[in-house]
Amino acid sequence: MRSDKVDNEWLAGKWVLLGCFIGNMLGVHSLPIYGQSIFITPLANEFGWSRLQISLGSTIVIFSLAISAPLAGYMVDKFKLGWVIGASALSMACGFYLLSLIGPDIRGFYLALAFIAFCGGACSTLTYSRIVSAHFSIGRGTALGIAATGNGFASILTPLILAPFIAAHGWRPGYVLLAVITLFAAPIVVALARMPASASPANSPLSITREGSSFRAAFHDPLAWKMAVTFFLIPLGVAGLITHLMPLLLEAGLSPAQSALRASGIGIAVVVARLATGLLIDRFFAPHVGATLLTISAAAMLLLSLGGSEYAFVGALGTGLAIGAEIDLVGYLTARYFGLKSYGRIFGIFYSILLVGSGMSPLIFGWTYDRTGTYAPALLMAAAALGIAAVLLATMQSSPPLEEQPE
């Protein structure tokens, strides 16, 4: 009987899952960040901006998205998702076009990126994880993992498409291309990534869309605060190593080719971890799965701190495991413990907290290196953060029955 339900769930949700995969691949957390690295050299050559000045644009994207996430979550809960996704994608496309028009005043560059992140907040995993959670119950973890790999594919495809285009046509047409891709993809995502039609709560796994805590009730629950701390500590522990792994390896005497080979472990582990986490949390208690992965990641950070660059690939794999697991866990645990009644707003807060951790981590790694001349203290901090997050997950209880709460 369970097998039949699983098969029916995947049969009914396959096109929705494809839409959410595409949405994650082209979302505000993908194109503006993965595409930006390709624009660094041409922007520096044309305007004389330093790489630090241009790189600050990615930080602006992250913090603008952190500010907008709760608002995007409110819109996702209150309005028809097709309109919300469409308006958000249109805003992103306008922002990319504005970037194609910027001049030598770098404030215009920063403002355009902030506009993309703030107004494009609904074109993110926040929205697509809600849609996936509404369509999948038995296989929810696996489905969330598959949808989240869209972000990983974006990191692979964006340079392959954008770099040769910019080399042939210039950086301004490159931003126009991103606008066109966004506008072309938006109707496809809106058509495919739909919320389910009403179904009988007696016999449908989709009935969870009628259950759950109100936003106010959720954040009176100590569990929500425990989850918030966990989702802050995970990116705080790993995001900095993504930025600083290459400098760490180069300063250890490795060649650029050797450094890149070791750093590639992050991308490999992210894709594998997102799929593996989804499969595992459908079969085992999700917080314990997360705690196990974070314990492995913490051990990898500790090994890299004590053993040096010899263990860089291990550190990269540990980083990828934590990054790959975090989004799956945020989406799955939000639905498991609080339902979908106020999912967008609750997830929006968790996502915002996660992004703040992501933005702070590279700064901590850089500050620590500037003060000590080594990354070892930052790696020890990362191991501690991941270890604490693992303990918090390991001590979470089974979810109580969901009940409607008054607003």
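Let's start with two buried residues, Trp-171 and Tyr-175. In this predicted model, both sit in helix α9 (residues 171-192), where four residues, about one turn of the helix, separate them. Their ring centres are 6.0 Å apart and the ring planes meet at 85 degrees, so the pair counts as edge-to-face.

A search of the whole structure turns up 11 aromatic pairs. Another of them joins Phe-109 and Tyr-110, a tilted pair with 5.8 Å from centre to centre and 45 degrees between the planes. Phe-109 and Tyr-110 are both buried too.

## Two helices side by side

Next, have a look at helix α13 (residues 286-307) and helix α16 (residues 376-394), which pack at an angle of about 165 degrees with their axes 8 Å apart. An angle over 145 degrees counts as roughly antiparallel, and α13 and α16 are therefore roughly antiparallel to each other. The crossing of α13 past α16 is left-handed.

Residues making this contact include Leu-294, Ala-298 and Met-301 of α13, and Leu-379, Ala-383 and Leu-386 of α16. Sorted by class, the contact of α13 with α16 holds 17 nonpolar and six polar residues, and no charged ones.

## An enclosed helix

Finally, turn to helix α7 (residues 125-135): 11 of its 11 residues are buried, so the rest of the structure largely encloses it. Among the buried residues of α7 are Leu-126, Tyr-128, Arg-130, Ile-131 and His-135.

Note on methods:
Residues are numbered from 1 along each chain as its sequence is written. This is a predicted model: local features need pLDDT of at least 70, side-chain atom pairs count only at pLDDT 80 or more; totals for chains, interfaces and linings use all residues. Side-chain values use heavy atoms; hydrogens and water are left out. Axes are lines fitted to C-alpha atoms, for helices over the stretch in contact, and angles run from 0 to 180 degrees between N-to-C directions. Angles under 35 degrees count as roughly parallel, over 145 as roughly antiparallel, 65 to 115 as roughly perpendicular and the rest as oblique. A crossing is left-handed if the near helix is turned anticlockwise from the far one by less than a right angle, and right-handed if clockwise. Contact means heavy atoms within 4.5 Å. Ala, Val, Leu, Ile, Met, Phe, Trp, Tyr, Cys and Pro count as nonpolar, Asp, Glu, Lys and Arg as charged, and the others, Gly among them, as polar. Buried means under 20% relative accessible area, exposed over 50%, partly exposed in between (1.4 Å probe, protein chains only). Rings of Phe, Tyr and Trp (its six-membered ring) pair if their centres lie within 6.5 Å; planes under 30 degrees apart count as stacked, over 60 as edge-to-face and the rest as tilted.
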